[in-house]
Amino acid sequence: MTAIKHALQRDIFTPNDERLLSIVNVCKAGKKKRNCFLCATVTTERPVQVNVVKVKKSDKGDFYKRQTAWALRDLAVVDAKDAVKENPEFDLHFDKVYKWVASSPVEKNTFISCIWKLNQRYLRKKIDFINVSSQLLEESVPSGENQSVAGGDEEAVDEYQELNAREEQDIEIMMEGCEYAISNAEAFAEKLSRELQVLDGANIQSIMASEKQVNILMKLLDEALKEVDQIELKLSSYEEMLQSVKEQMDQISESNHLIHLSNTNNVKLLSEIEFLVNHMDLAKGHIKALQEGDLTSSRGIEACTNAADALLQCMNVALRPGHDMLHAVKQQQQQFSDLREQFARRLASHLNSVFVQQGHDQSSTLAQHSVELTLPNHHPFHRDLLRYAKLMEWLKNTDYGKYEGLTKNYMDYLSRLYEREIKDFFEVAKIKMTGTTREGKKFATLPRKESAVKQETESLHGSSGKLTGSTSSLNKLSVQSSGNRRSQSSSLLDMGNMSASDLDVADRTKFDKIFEQVLSELEPLCLAEQDFISKFFKLQQHQSISGTTTNEPEEMDGGALSRSYASGVPQTISSEKDMIRQMMTKIFRCIEPELNNLIALGDKIDSFNSLYMLVKMSHHVWTAQNVDPASFLSTTLGNVLVTVKRNFDKCISNQMKQMDEVKISKKSKVGILQFVAEFEEFAALAESIFKNAERRGDLDKAYIKLIRAVFVSVEKVANESQKTPRDVVMMENFHHIFATLSRLKISCLEAEKKEAKQKYTDHLQSYVIYSLGQPLEKLNHFFEGVEARVAQGIREEEVSYQLAFNKQELRKVIKEYPGKEVKKGLDNLYKKVDKHLCEEENLLQVVWHSMQDEFIRQYKHFEGLIARCYPGSGITMEFTIQDILDYCSSIAQSH
């Protein structure tokens, strides 16, 4: 190890001006055994730099190379793993943890001891040594090999001093004068010793010669000490003289401090007095306005508002500690409290009077709206009350009890006023819908008499709450037991109620306009009242404490609203919007039931009206939700929309039920079924109503349900039909359905349109084949036998040799079907088809043309068999294809 140390010092560290102090042979823990050396070094220049250097043998030779160097100041922790047992493993924590395994525990301990000494000597930052034996961390290390490796080298660093240039020159001169110094070192050392003795003697003589100078210096020092003693005596006398002056200056300083303290206290007192006077002094004009101010004029209201704000500022001033103990402050606060209570009481009384007076003025103008479908305008009432909005905000912040009382009184009074107006408004709407008149009716008078229309409407919502006997033709879809479709419609009219076919477009348009006008009148009324409540009662600015709502908005009345506040702060209303909605619900509590009554009346008049109402109500709900989804108007219209949607669904369900219960006549032909025609009427009307509507999806769903029910019911009727063939019923009705869907172009029913066309085509073909049958029956039987022989394996040209199918037999059968008989058979067939088909759908010529094509197809088939099985026989039919075309055309024209 010593040889390696010297080699490393010579080859690596000396060229870098470094001194190697300790070395340890190590390898990385847990990896392939590739040994290297960790070296502790110091620089020879000042300041000393201490490093830990990793050295490894080069792969290309036996020389060593410097691989990595770490400054000792970057070393944070030295972990020896075990302080008791001998263990070659240790960790060094630099920028990361390096794990090493030494070749022996002795080398590891020597290296760690050297690191500890270097840390103690050169570094201010102390390194943490963990799991290290305390014997290694001592200043003195026992003599021996370890000391020679670590401590001895460190001392050598301190004792060693490099020769300067002059010393090198002197040694060279001296060695040149003693040539034998190399060959005889003892003689050279003896000579140097003698010369050193000579120099020591000369040095002693020099010291002895300087004794006189030393005595002179000592004498001067004694004189200096005497002068110092004299100066100290003078300073003591001066201090005694200044002692009396110091006492006087202390008294003056204390007096100045007291004067300064007094002035400071006076300034602070003046500041406190100015603060109280400036912030707690209410002007006499404000006091007079609060006590006697006119609350009816705009100028008086403005003066009272300014005075109330000033009073609130005085009462809310943040007093400094101790102010509330002053008698004048308490007296002033009591005066403010009395003024506040007096003005709040006067303001509440006046506003209650304004509510009553404005209500009487509003009632006086109510009569002029009794015959018009308009609601009274409350804008003047709101405009007059909004002058008091700032005073209401002041009342809300200062006396919440009176503010709450005013809120309750406003809701109670306005709810009665609006209920009277809205009920009269809806009664006019009902009368305009039914076209009846009321005699001797006065809207503004109480008690109110119920009109015939209102009694009729309320009878619809009795204890059972059910509507029965809808008069729409959509609920009268059954096919009558006798007569054609025209007689069925007449029998429907005889049932005592109007049908949709007789309710003309003008009446439906009239209902649509009335319903739209009702919603258009209600919407601005509710929005205006909500805006007024928000501004007048200042509900946007006051943030209430969220809590558990014990009453639903529909059930919240004035008493419940009053009980929902405790200690002046609302506890059960989650937000200001909830409070606005609750007030609106209380004020307009009659809107939702009145709308439901109006909807029930419209549905009773004509169930088609549910389509108009669904579109109009959906549009208004969509508009209200865009403004405020949680508003009273949005919620109320949304609830009513649910009722309208239920009526719409009920209308669809009734149609489907009536289709399922349809009965047909056993003696008359079916034709176009009633519910098929009325589906066309429903679809045409719905498309005109729902054009660009928000609830188009509801109609599409209804279309799907209705068309499937129509398909099922058509097949059911076709299966039950006795007078008309099943294929005719299916063909005519699905042709009508296909034509309707093609004309209306309903996108959601494209699949059903294709299905209807397919069913029409299939049943047309089926009816043609079935009705035409085998017009040349014997000839048909003959050729069926021919085809059977061919199927059995007989060649086609050999069939004529069969006894039953020879040429003579074929000619005999052909002679039975001359052209005259064929035409007669076709004429009978035309009459039969004419009896089956109805006039409304006009499919006779289509069916007849299809039968003509089918007959020609059979004719060509027979000719083909004759040509293949009887070649060269010259046998032909007694009529040609042209004859068939002429027969069919002549028969069609004759009928």
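This is a predicted model: local features need pLDDT of at least 70, side-chain atom pairs count only at pLDDT 80 or more; totals for chains, interfaces and linings use all residues.
Trainee: OK, which residues do ring pairs link into a cluster?
Mentor: The cluster is made up of Phe355, Tyr400, Tyr403, Tyr410, Phe532, Phe536 and Phe537, linked by ring pairs.

Trainee: And how many aromatic pairs does the structure hold?
Mentor: There are 28 aromatic pairs in the structure, and one of them joins Tyr410 to Phe537 in an edge-to-face arrangement, with 5.5 Å from centre to centre and 65 degrees between the planes.

Trainee: Where do Tyr410 and Phe537 lie?
Mentor: Tyr410 is in helix H13 (residues 400-434), while Phe537 sits in the loop between helix H16 (505-536) and helix H17 (558-563), so their pairing ties together parts that are 127 residues apart in sequence.

Trainee: Is Tyr410 buried or exposed?
Mentor: Tyr410 is buried, its relative accessible area being 0%, and Phe537 also counts as buried, at 0% relative accessibility.

Trainee: Switching topic, why is the pair of Phe608 and Phe682 stacked?
Mentor: Their planes are at 25 degrees, with the ring centres 6.3 Å apart, and planes under 30 degrees apart count as stacked.

Trainee: What does that pair of Phe608 and Phe682 tie together?
Mentor: Phe608 belongs to the loop between helix H19 (591-605) and helix H20 (609-627), and Phe682 to helix H22 (residues 674-689), so the pair ties together parts that are 74 residues apart in sequence.

Conventions:
Residues are numbered from 1 along each chain as its sequence is written. Side-chain values use heavy atoms; hydrogens and water are left out. Rings of Phe, Tyr and Trp (its six-membered ring) pair if their centres lie within 6.5 Å; planes under 30 degrees apart count as stacked, over 60 as edge-to-face and the rest as tilted. Helices (H or I, at least four residues) and strands (E, at least two) are DSSP runs, numbered from the N terminus. Buried means under 20% relative accessible area, exposed over 50%, partly exposed in between (1.4 Å probe, protein chains only).
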